[in-house]
Amino acid sequence: MLKAVYRIAWKDVAGDLRRRATLSSMLFFAISVLVVFQAAFEPDRKEALRLLPGLLWATTLFTTLVGLGRVFQAEEEDGAFEGLLLASVPRGVIFFGKWLGNLLLTLLVEFLILPLTLVLFNVDAWGHVPAILGILTLGTLGLTGLGTLLAAMTRGARSRETLLALLLLPLTAPMLIAGVQAIAGVLLQDGEVIPWLKLLIIFDLVYLAMAPWAFGWLVEE
């Protein structure tokens, strides 16, 4: 099972790195969002430190949407999605393979944009980089898990990117709030961090437990 998950994920990641399609789009979009925010607000150091948690999660959310819109694109273009479903593995394995491929690309973008954000906004938070990356990773597990399920649900829709955004944003709002509060607690050191981390873990467990089952039911319909 794990080997099948790895092969599906590696197929997606290696294919994207070869085509330079999804990763380059996500990076370009993330950098564009950061530059626009910086040019629009021109915050000083203190204000930038206060805005940083929301800015990081907003960039992560928008970037994740770009990646999720292409999770099943290769199979759709090649007409290979039905062939993938005929593979002699449980549908949950296919879900976890697609989720893992998208997760790796999203985390790679997050790890690249965090130092860029600190430099661009002139924020001295380098000592908190490991904690911030840990919180972003924790939130991204559930965000991409639910997103991969919704990407499968909307893959045949005419305006799937719009529909995906409309479904994902309200469902992940509580998790995004928890992520923002957790990073704010680390940066500003004026609040509790552990309760928000526990909330992120609960969202991860719920999304990653329910999504494979829902994916299997969805592709059967």
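I am working with a predicted model. I looked up the largest nonpolar core, which has 63 residues, and found that Leu168, Ile183 and Phe215 touch the most other members. I then listed the elements giving two or more residues to this core: helix 2, helix 3, helix 5 (81–85), helix 6, helix 7 (129–153), helix 8 (160–188) and helix 9 (194–220). Helix 7 supplies the largest share, 12 residues.

Entry two: Ile183. I set aside its neighbours within four places in sequence, and Ile183 is then in contact with Pro53, Leu56, Trp57, Ile132, Ile135 and Leu136.

How far apart are the axes of helix 2 and helix 6? I noted 10 Å for helix 2 (residues 22–41) and helix 6 (residues 91–120), with a packing angle of about 25°. Angles under 35 degrees count as roughly parallel, so helix 2 and helix 6 are roughly parallel to each other. Helix 2 passes helix 6 in a right-handed crossing. The residues of this contact divide into 14 nonpolar, four polar and no charged. Among them, I marked Leu27, Ile31 and Leu34 in helix 2, and Leu112 and Leu116 in helix 6.

The axes of helix 3 (residues 45–68) and helix 6 come within 10 Å, crossing at roughly 145°. This crossing is right-handed. On the helix 3 side I found residues including Leu52, Thr59, Thr63 and Gly67, and on the helix 6 side residues including Asn102, Glu110 and Ile113. By class, I wrote down eight nonpolar, eight polar and one charged for the contact of helix 3 with helix 6.

Conventions. Residues are numbered from 1 along each chain as its sequence is written. This is a predicted model: local features need pLDDT of at least 70, side-chain atom pairs count only at pLDDT 80 or more; totals for chains, interfaces and linings use all residues. Side-chain values use heavy atoms; hydrogens and water are left out. Axes are lines fitted to C-alpha atoms, for helices over the stretch in contact, and angles run from 0 to 180 degrees between N-to-C directions. Helices (H or I, at least four residues) and strands (E, at least two) are DSSP runs, numbered from the N terminus. Angles under 35 degrees count as roughly parallel, over 145 as roughly antiparallel, 65 to 115 as roughly perpendicular and the rest as oblique. A crossing is left-handed if the near helix is turned anticlockwise from the far one by less than a right angle, and right-handed if clockwise. Contact means heavy atoms within 4.5 Å. Ala, Val, Leu, Ile, Met, Phe, Trp, Tyr, Cys and Pro count as nonpolar, Asp, Glu, Lys and Arg as charged, and the others, Gly among them, as polar. A nonpolar core is a set of buried Ala, Val, Leu, Ile, Met, Phe, Trp, Tyr and Cys residues joined through side-chain atoms within 4.5 Å. Buried means under 20% relative accessible area, exposed over 50%, partly exposed in between (1.4 Å probe, protein chains only).
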